[in-house]
Each structure stands twice: as structure tokens, then as C-alpha cells.
Amino acid sequence: MTPFGPGIIRILGFPLLALVSIAFALSTTGSKLLVVLDPSINKEDYSIFFDDLKDRDFALDFRSANDPHLSLFNYGERAYDHVILTLPPTQKALGPNLLAKPLLEFMTNGGNLLVLLNPNEHALGSVREFARELDIHLPFRDTKLVDHFHFDTVASPNLHDTVILDPATSLVSPLILQVARSKKIVYSGSAFALGNNQLLFPILRASDTAYVYDPAEELLASDSPFVSGTQAYLVAGIQARNNARAVIVASSSMLSNDAINAADSANRELAAGITKWTFQESAVIKLASVTHKLANTAEENPLIYRVKQNITYEAEISEWIGDKWVPFVADDVQLEFTMLDPYYRLTLSPVGANGDSELYATTFQAPDQHGMFTFHLNYKRTGLSYVEDKRTVTLRHFGHNEFLRSFEIPNAYPYITSVVLVVVAWLLFTVLWVFSGPEKVPEKKTL
Amino acid sequence: MAPKRTPRQAVAKTGAVSSSPSLATESPATSGASTSAASRIPALPTAADTSAIVYQAWNSYVTDTPRKLKLVDAFMVFLVAVGLIQFVYCILVGNYPFNAFLSGFSITVGQFVLTASLRMQANPNNSSQFEKVTPERAFADFIFGSLILHFFAYNFIN
């Protein structure tokens, strides 16, 4: 994600944009990058891709898939921060350290993963299993993505299996990349289908007129393509709940030098955008601090509040733009004040920048119900890091001396006056009783 | 224990047309055979009879009650009025500060009860039933109870 707007692309053109977007980027989770290459891939065919990564201060470690000393873990800790995995066409499986389970454990420990499928042999059993964990359904072997309307007439005039994608319609999210309209994306390979997992982040999809089929079975293609149209995805990612990211690219040839050097291709920028998202260099936000307190007081984060008190909640959120944290401004950050169910759901309004983070605040009156309440800040947006924070406080009921006094309630005035009246009349009565003289006994009337 | 009167005097005393006096008060000298038969059947009470009864009751109250008891009765009527006003107000407007309503209402009710017991014990006509309690002792109890009641009402109304 570039710090400049789209207008400047037209002014300065592509080269400056590429330099800017490639040079200013550091990962927030580390720079140790493992690249697992299979012998069929010639490293020189991807030199531009790897050089761009090196420019972004990644320490690349190239290993072969059947290296016996390769392990993602070192004494229980992650040995690498990121992994790029490329799949060999000839082997039946990757080594025991790269099966689905170690990959998932690597993600559970916070590592990021970029899987580049082979254009011809799309998935081995272990990678297919790993992708199924992410609810991504990889295509069968020997299938190809074909588009009879947008294909590269030079590279595949007959089979139409080198497709041209228009970034404006094929790029799903603006978080990855913003390119000039004249650029196109060159792709040759297959495509996969996505499931319904809400953690998925689709990045690049095929155009309406494309479909995936097995060229060896032409007759069956029209009946049952594996996936077709905009449901065919070429690049898709997932962000797990611990903010680890994994992206599957359906063909590694999209990142090769040939594709990058093709005329008008935006593949290099796309590669940069994909790797930046995957390796936590872009679209990363964090919660810098959270405080809650009684409105207009200074004590922060008390443990106990009382019902119907005014409470102020403040949160600070920052965004990483490649080399530093800056304020992250959004208008849909919400706070839930919850006890089993949210009693309040309030929008936090951005108040202003506070150093390198943006301050969001709201003030509300605690509900008239005592109990254990939680301030729950839950900000999960597709493509951005997940931000979640829970703080539990006690809401006590009124103390016996905190209720309104009767003379403060106008409704009680008649009762107050009656008490006063009765006491005054009683005083009068006792005085009159005491000071009235002895009775003259009334004579009985006789006739 | 009305003294014997002649029928003429009895009629004069009760004023307007009223039921004939009871047969027991007729003196044999003046009663004739003609009037005795007619006056033995009592007539049904009319509206004029009811108002006459009320008037007589009120009259005898005013004349026969000692002054002190009349003072007590006036106080009690006042308490009833104040309590009634509060009750009607609570029904109309609602009982939001319920403790205030209870406090105001109960001070009138409690004071009424204490005053009633004072009236009972201090009435000289009842002295035969209260041998151990002199009127002064009754009044002292009345004051003691009233003070406790006022203390409660003042605290409960908050």
C-alpha cells in the first residue's frame, strides 16, 4: 500500500512508483525468510522477484525441499519468520518437515507462509491437505485456466492458456495494489476455488470468461469445469485469528522474469503487493493502548464502577506503513459494553492523532444493571490485522447513601409536608392538652 | 334513662312530626282508647327521621363531650384528612419514592392509633376499665410513642 494517492501514478509513471513501493517496506514480524525451492525451478528465472525481496531487507535462505536438515522449528521456536514454498513437479511429497501439520503449527506460532503452486503439477497431497484446512480447494492435476477472449496471442495462440487479466476487475482488494489502468497481469496456470471461511482474503480472481478444465478431456470441459468465471481464484490468502497470514498463488510462473518483463505487465507490482501483505509489511494495524476511566477524572482503569456513572473509553490504533507506525483513521471502530449480551454498542469517534497512533474515544452512561461488564473492542476487517481487546470491570449498585434524597425528588414534596404538618399539629395538640384546665362536669339535665 | 314525660311534652321536645313516643311513656291519665291503638304500630323511618337522628347525635356530642376529648377528636380528624390526601395523591401520580409515601402515610396512621388509645385511656367515663392507668400515665405513653413514631418517619423518608 503506497503512501501516495493514485493521482501521482499518472504523473510520475511506473518506475518511480515501483521504486517507492519496493524500497520502503519492512516486516513487522521479522526478516528471516526461508525459500524452499525444488530442483526444477531455476533460481535465475525468478531473479527479479528474489532481488526485490532482498531489497526489502529480508534474509533469504534457499533450501531444497529434500534437504534433510531443513526444519521450520528450532528447539520449539520458529526458526524462520516467513516461508516461501514452491512445489516440485516430480516428487510425490515434500519432506516430513513440510507436511500439512508442521505448516499449520508454523502458522499457529505466528509465521507467515507463501505457497507457490507449480503450473503443471498443482498440488501434492500434503499441500492439498494444508489448503483444505484453509478452506481453499486446489484444482486437479493437469488442469489449466483458459480464457478464449483475453489471452496472450504471442505465447499461446492456440490453447489460450496464457491469460491476460485486467487489474481493475481482477484485483479484489485495494489493500494489495493500485495500478494504472493501462497495465495488465499475465498468468499461466490453473485456478482454485474458495470455500466460505470468513477468514479468507481473496486477492486475484479470473475474468468472467475464463474457466479451468483438463485439456486432455476436451469433451467433458463444457459439462463440468472445475471452476469458472470470477469464482476461479488465482491468488488468495487467509489471516488466522493470531494474525498469521498465508497466501496461495496458483502458479509460480506469474512471478517469473518472463511474466514480469512482458510488455505492460504489472506482475512485478503484484508480486510486491502480495509479498508485502503476506509478510506483514502492509495492512498491519495494532492497538497501541486502551484506557477507561470515570469521565473527567484522572485515575485510569479502575476495577469498580457504579451503575449510571459516566465512563470514558479511549483506544489508540496505529498502522504500519512500511517503516514506521502512523495513526490509523477509520470511522467504524466500535466498542461493546457487554455482560453476556452487549448492553451498548458504541462507535468510537477518532479524536485526533496522539504521537504515532490515532486516539478514539467515547463517553457513555453505565447501564442501570449491576454485574461484571466487559469493554470489548473487536475490530476485524478483511485484509487488516485483527484487533481485539477485552477488559472486565465490576459495576456495583448504589450504596445506601447514594440514592437521591427525598427533598431532591419533587414527587415527594406532599409526603414531606405531611410529616412536617403532623409533627407541628402534634406539638400544638400536646400544648393545648396540657394547658387546658380541668373540665367542668356537665350537669345532667333533669326535668 | 329519659325521665317520664307526658305525651304532649314529648311531642313538643322532638319538634317536627316524628314517630310517636314509645308506649311505655304514655301516662294512663291522658291516653285514651282511641290513641293507644294507633300509636302502638311504629312507623317506618323517613328521610326526615334520618336527618333528625343525625342532628340529635351531633347535638348530644356537642353538648355531652368533655372539651379535652373534643380536642383529641379534632386532632384525629385532621390526621385522617392528611392521610387521605396523601393516599389519593399516591394513586393519581404514582408511588415513585415509595419510602416517602410510606413514611408520610404511616405517620398519620400511627399518630391516629396513638391518639385513639390516648382518648380511650383518658376518657373519664372509662376510668373503671383502666384501673392501673391514670390519664396522666396515658398521656406520657402517648408522648413516648409519638416521639418514636416521628423518629421513624423522619429517618424513613430519607
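Predicted model: local features only at pLDDT ≥ 70, side-chain atom pairs only at ≥ 80, totals over all residues.
Is A:Asn97 buried, partly exposed or exposed?

1. Chain A contains ten helices and 24 strands. Of its 447 residues, 50% are buried. If one takes the contacts in chain A between residues at least 6 apart in sequence, 71% of them join residues at least 24 apart.

2. Make-up of chain B. Chain B has six helices and zero strands, and its pattern along the sequence reads α-α-α-α-α-α. Buried residues account for 24% of the 158 residues in this chain. Its accessible surface is about 10,700 Å², with 69% belonging to carbon and sulfur atoms. Among contacts in chain B with a separation of 6 or more, 59% are between residues 24 or more positions apart.

3. Side chains of opposite charge can pair when their charged atoms come close. Over all chains, the structure holds 13 salt bridges. One of these is formed by A:Glu281 and A:Arg56, whose closest N and O atoms are 3.0 Å apart. A:Glu281 belongs to the loop between α9 (267-278) and β16 (284-294) of chain A, while A:Arg56 belongs to the loop between α3 and β2 (59-64), so this pair ties together parts that are 225 residues apart in sequence. A:Glu281 and A:Arg56 are both buried.

4. A second salt bridge in chain A. A:Arg78 and A:Asp81 also meet through their side chains in a salt bridge, at 3.3 Å from N to O. A:Asp81 has a relative accessible area of 12%; since buried means under 20%, A:Asp81 is buried.

5. B:Arg137 forms a salt bridge with B:Asp141, the closest N and O atoms being 3.4 Å apart. Both residues lie in helix α6 (residues 135-156) of chain B, four residues apart, which is about one turn of the helix. B:Arg137 is partly exposed at 45% relative accessibility, and B:Asp141 is partly exposed at 34%. In chain A, A:Arg306, A:Arg396 and A:Glu402 are joined into one network by salt bridges that share partners.

6. The surroundings of A:Asn97. This residue is partly exposed, as its relative accessible area is 30%. A:Asn97 is located in the loop between β5 (82-86) and α4 (100-108) of chain A. When neighbours within four places in sequence are left aside, A:Asn97 is in contact with A:Pro68, A:Leu70, A:Ser71, A:Leu72 and A:Pro102. A:Asn97 and A:Leu194 are 97 residues apart in sequence, and their C-alpha atoms are 26 Å apart in space.

7. The surroundings of A:Thr291. A:Thr291 is part of strand β16 of chain A. With a relative accessible area of 15%, A:Thr291 is buried. Not counting residues up to four places away in sequence, A:Thr291 touches A:Glu300, A:Asn301, A:Thr312, A:Tyr313 and A:Glu314.

8. Which residues of chain A gather in a patch of negative charge on the surface? They are A:Glu44, A:Asp45, A:Asp51, A:Asp55, A:Asp57 and A:Asp258. One of them, A:Asp55, is found in helix α3 (residues 47-55) of chain A. Chain B carries a nonpolar surface patch of about 310 Å², made by B:Val80, B:Val109, B:Phe112 and B:Val113. Helix α5 (residues 98-122) of chain B gives the most to this nonpolar patch, with three residues. B:Val113 lies in that helix, α5 of chain B.

Notes:
Residues numbered from 1 in each chain as written. Chains lettered and ligands numbered in written order. Heavy atoms only, no water. Patch = residues over 30% accessible without salt bridge, like charges linked within 9 Å, V, L, I, M, F, W, Y side chains within 5 Å. Areas by Shrake-Rupley, 256 points an atom, 1.4 Å probe, with all protein chains shown as cover. Salt bridge = Lys/Arg side-chain N within 4 Å of Asp/Glu carboxyl O. Lys, Arg positive; Asp, Glu negative; His and termini not counted. Charge placed at Lys NZ, Arg CZ, Asp CG, Glu CD. Helix = DSSP H or I, 4+ residues; strand = E, 2+ residues; numbered from the N terminus. Buried < 20%, exposed > 50% of the residue type's maximum accessible area, 1.4 Å probe, protein only. Contact = heavy atoms within 4.5 Å.
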